[in-house]
Amino acid sequence: MTKEALKDALSQILQSADAVAALTTIAADGVPTTVIDAEFSVTEKGTLLYREFFEGSRSNRDLLHSLWFNRVVSFAVSDGDTRLHGYGVPTHSHVAGPLFQEHYRATNERDNSADLAAVWEIRIDDLEDVSPQLLRNKQDTQRPFFRHLDRLITPEA
Amino acid sequence: MVARYPEVPRLIVIKIDAQRRGVYYSKEALSVFDPLTHQARTLALFGSRDGEVTAKPEALLLRDGTSVLADPTPPSRNPYVVDVVDGRLALTDGGKVIEEVTYWTRPAFYGKRTAFGTLMEHVVTARPQRLNVFPSGYCHFWANDKGCQYCDIVNHHKQSVKELKAPARVRGQEVAEVVRESLLEKGRYTTVCLTAGSDTRGNATFDTEVDFYEEVLSAITEVFGGRPFPSQLISSAFDLKQLERLKTRTGLMSWTSDLEVLNVKLFAWICPGKEEWVGYARWKQRLIDSVSIFGRGRVATGIVGGVELAKPNGYASEDEALERTLEEADWLGEQGVSVISTVWNPRPGSKFKDQQVPSLDYYVRLARGLHEVRVRHQLNIDFDDYRRCGNHPDTDLSRLLPGFGRVSN
């Protein structure tokens with residue numbers, strides 16, 4: 001898939017009811033943290049938005065550290081069929097203003113007990129289709145030595 | 001500068017320098033400023049370096065959510081220029097784009113009137129996520145010409161009352177009405193900050209000031225069902241009895257009382273009114289005592305970063321000023337009191353109007369040093385951080401702190 005097609009696929013997956021998504025951040029001391037059930041959306045300009053619900057969370061601090069010091073965070077999404085993996089640098093922390101308030105209202109409409117800390121905007125530097133069947137085909141073709149022999153054996157006549 | 005201090009974020013260095021040098025809005029920047037969409041300057045306790053109270057942009061936001069409360073400053077004083085470059089608002093220096101910026105969004109309650117007919121922004125003002133209640137801009141230290149030397153509060157107050165037709169004082173009931181109205185805008189505000197000029201009157205010194213804060217805080221507390229709510233009072237150095245009154249009768253959650261400069265002799269010179277009515281040692285002791293009421297991480301004292309170098313009595317070198325200031329901040333931190341700093345702006349309405357501010361290097365080291373004090377003594381500064389306030393470079397750095405002594409996820 002082209003870069004644009006991948007971004008379209010990312011957007012479609014995130015709109016799917018079956019979507020699962022995760023965000024992995026890295027702290028200043030190198031310790032990684034993964035958020036499961038991450039809430040992402042894709043903007044018209046092709047950046048990724050991530051809703052952070054806890055201001056004191058590791059992920060919120062790590063995202064800030066990445067924004068301040070130009071370090072990447074990674075993310076993965078799946079709708080059950082297609083899996084995408086990507087990484088990029090957080091460029092904006094929306095903590096006030098129209099965009100933040102729009103996401104705040106949406107969060108509240110879905111769950112009135114939820115508060116919203118920030119909407120992080122992440123520039124997508126790389127996006128890759130890592131769907132299992134695609135990876136299998138690719139590996140079998142390009143890295144044939146990685147297969148176990150028992151998978152290649154033909155049944156005795 | 002960014003290369004010299006790689007552990008200090010570039011955006012915070014830019015913020016510090018913009019606050020140090022001020023900003024000038026180009027015609028293009030003002031042409032995209034819409035007072036119906038963006039927040040214009042309105043009532044404030046203090047003035048600006050250009051001495052005007054006209055409807056300019058209130059302040060700026062950086063990409064990381066950091067506020068830049070930079071004074072509008074005449075071009076002759078070498079400010080940064082806020083300009084439009086390639087269709088986007090940017091902070092520029094010498095024609096070079098330094099960083100993208102945005103204007104603050106106008107609060108939804110601005111332009112509305114209270115039941116008393118007062119413009120709501122003349123009762124309560126706002127920052128991106130904070131409500132400001134500045135009930136009086138008169139400081140009684142000025143009565144016998146003992147106002148703080150860097151401060152223009154009374155001169156600016158007179159100018160605001162005259163030019164903006166602002167009320168000289170507000171009522172608690174009216175404040176509560178505006179707070180309630182402001183909260184109809186969902187997701188905007190995270191705290192309420194009260195501050196005003198010192199009022200020395202009363203049976204005990206400052207009792208009248210305490211009475212007034214109690215009236216306003218009690219009225220706001222009712223909005224929150226009588227419960228404590230995220231709030232900060234920046235006041236004179238009240239005694240324990242006065243603080244207990246506020247803590248038990250209102251929903252106040254934190255207290256700040258500004259020493260302004262961390263040196264006994266400089267305090268007496270720069271803040272003669274504070275020296276006359278309380279004194280440096282007693283002011284510090286009251287801060288320390290208040291930790292028993294509000295708790296560690298809920299008490300702070302502000303300093304006007306840089307006035308310790310004011311001439312002729314200030315420190316002779318930046319190195320000495322920094323060393324002595326951080327020593328005192330560390331001692332206060334050990335007692336549970338955070339020291340927070342602002343960047344000094346010599347304003348035309350103050351006695352220090354012709355003074356020079358220290359170097360950017362000094363302010364970067366001061367911010368880093370005060371942040372390190374909090375790390376060393378495990379002091380949170382949640383009530384006065386980038387979001388609850390936005391005017392302290394040192395508390396911007398503390399955004400990366402974990403929640404000391406509390407549940408941290």
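How high is the average pLDDT of chain B, and what share of the residues score at least 70? Chain B averages a pLDDT of 93, with 94% of the residues scoring at least 70; pLDDT is the predictor's confidence in each residue, from 0 to 100. Where pLDDT is low, the predicted coordinates should not be read in detail. The predictor also gives the complex an ipTM of 0.91 and a pTM of 0.93.

This is a predicted model, in which local features need pLDDT of at least 70 and side-chain atom pairs count only at pLDDT 80 or more, while totals for chains, interfaces and linings use all residues. Residues are numbered from 1 along each chain as its sequence is written, and chains are lettered from A and ligands numbered from 1 in the order in which they are written.

**View 1. Chain A holds 4 helices and 7 strands.** Helices (H or I, at least four residues) and strands (E, at least two) are DSSP runs, numbered from the N terminus. Of the 157 residues of chain A, 29% count as buried; a residue is buried if 20 or more other C-beta atoms lie within 10 Å of its own, exposed if 12 or fewer, and partly exposed in between, with C-beta atoms placed from the backbone.

**View 2. Strand 7 of chain A (residues 118-129) pairs with strand 4 of chain A (residues 48-52) and with strand 6 of chain A (residues 83-94).** Two strands pair if DSSP finds at least two bridges between them. Strand 4 and strand 7 of chain A run antiparallel and are joined by 5 bridges; look for A:Tyr50 opposite A:Trp120. Strand 6 and strand 7 of chain A are also antiparallel, over 10 bridges, and here A:His94 has A:Val119 as its bridge partner.

**View 3. Helix 4 of chain B (residues 172-182) is largely enclosed by the rest of the structure, because 8 of its 11 residues are buried.** Among the buried residues are B:Val175, B:Ala176, B:Val178 and B:Val179. Their cover includes strand 9, strand 10 (191-195) and helix 5 (207-223) of chain B.

**View 4. Helix 5 of chain B meets helix 6 of chain B (residues 240-249), their axes coming within 10 Å.** The axes cross at roughly 10 degrees; they are lines fitted to C-alpha atoms, for helices over the stretch in contact, and angles run from 0 to 180 degrees between N-to-C directions. The two helices are therefore roughly parallel, because angles under 35 degrees count as roughly parallel, over 145 as roughly antiparallel, 65 to 115 as roughly perpendicular and the rest as oblique. Residues in contact have C-beta atoms, placed from the backbone, within 7 Å; B:Leu217 in helix 5 and B:Leu246 in helix 6 are among those that meet here.

**View 5. Loops of chain B hold B:Asn78, B:Asp145 and B:Pro312.** Most residues other than glycine have a negative phi, and most peptide bonds are trans. B:Asn78 has a positive phi of about 60 degrees although it is not a glycine, and B:Asn78 counts as exposed because it has 12 C-beta neighbours inside 10 Å. B:Asp145 likewise has a positive phi of about 60 degrees, and B:Asp145 is exposed, with 9 such neighbours. The peptide bond from B:Lys311 to B:Pro312 is cis, with omega near 10 degrees.

Definitions and conventions. Contact = placed C-beta atoms within 7 Å.
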